[in-house]
Amino acid sequence: MNESKPLILILMLAALAVITRSQTTKRAAADSGSSSEGIMKPQSVRFISSNAVAAAFIKGMPLVENSQFKIHASRRDAPGMAEIHVRDTDIIYVLEGSATLVTGGTALHQKTVAPDEIRGTEIQDGESRRIGKGDVVVVPNGLPHWFQKVENALVYYVVKTSPHGGTPK
């Protein structure tokens, strides 16, 4: 994984720059009064040690979630449900493993599981592609996506961005 650290850093910095630029003055003013641990002020830095990151990848879990963006240390050992994020765009960087990712088409048997989050049992008429180590995939908000098949444990970062500042945590 060491050779991928510069690319991860570049992707995260680029995502953070886009997110920061897209925030409105009103959102920044609202966040500046918050003492919530998840809110990052423009001058603050959030450091997550390599041990904490490694532990997060064992099960797959969020590293940072706030009103501006989310960064998840994700792991898939089996296929999941089809997902549609109404607000969030997923930026996926694969560290290890491989899977078949289906995007587009129609998610079948849709059910809202949380605000702006829809799940389905599978995707019909989508585009299938095999993804693996080193691949980057950007899944725009509103586009159905589904890990249909996982050949071996898929370990990946996901940076979730929202054009509207996300949902406050």
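This is a predicted model: local features need pLDDT of at least 70, side-chain atom pairs count only at pLDDT 80 or more; totals for chains, interfaces and linings use all residues.
Residues are numbered from 1 along each chain as its sequence is written, and side-chain values use heavy atoms, with hydrogens and water left out.

Helix H3 spans residues 50–59, and in it Val-53, Ala-56 and Phe-57 are buried. Here buried means under 20% relative accessible area, exposed means over 50%, and partly exposed is what lies in between (1.4 Å probe, protein chains only). Helices (H or I, at least four residues) and strands (E, at least two) are DSSP runs, numbered from the N terminus. Looking down the axis of H3, the buried residues fall within an arc of 100 degrees, so they line one face of the helix; the arc is taken from the directions from the helix axis to the C-beta atoms. Asn-51, Ile-58 and Lys-59, on the other side of H3, are exposed. The cover over the buried residues of H3 includes strands E1 (61–65), E2 (69–76), E4 (89–103) and E11 (145–161), where contact means heavy atoms within 4.5 Å. Just after H3 comes Gly-60, with a positive phi of about 85 degrees.

E1 and E2 run antiparallel over four bridges and are joined by a hairpin through three residues; Val-64 has Ile-71 of E2 as its bridge partner. E2 also pairs with E11 in the antiparallel sense, over eight bridges. Lys-70 sits opposite Lys-160 in E11, and Phe-69 is partnered by Thr-161, again in E11. E11 pairs with E4 too, antiparallel over 13 bridges, with Ser-98 opposite Asn-152 in E11. As for burial, seven of the eight residues of E2 are buried, so this strand is largely enclosed by the rest of the structure. E11 is mostly covered as well, with 12 of its 17 residues buried.

Two backbone angles are worth a look. Most residues other than glycine have a negative phi. Asp-125 is not a glycine either, yet has a positive phi of about 65 degrees. This residue is found in the loop between strand E8 (122–124) and strand E9 (127–132), and is exposed, with a relative accessible area of 71%.

Turning to charges, the structure holds eight salt bridges, each a side-chain nitrogen of Lys or Arg within 4 Å of a carboxyl oxygen of Asp or Glu. One of them links Arg-76 and Glu-83, with the closest N and O atoms 3.2 Å apart; both residues are buried. Another joins the side chains of Arg-87 and Asp-116 (3.9 Å, N to O). Arg-87 lies in the loop between strand E3 (82–85) and E4, and Asp-116 in the loop between E6 and strand E7 (117–120), so the pair ties together parts that are 29 residues apart in sequence. Arg-87 is partly exposed, at 22% relative accessible area, and so is Asp-116, at 30%. Glu-127 and Arg-129 also form a salt bridge, their closest N and O atoms being 2.9 Å apart. Glu-127 is partly exposed at 48%, as is Arg-129 at 29%.

Key. Two strands pair if DSSP finds at least two bridges between them.
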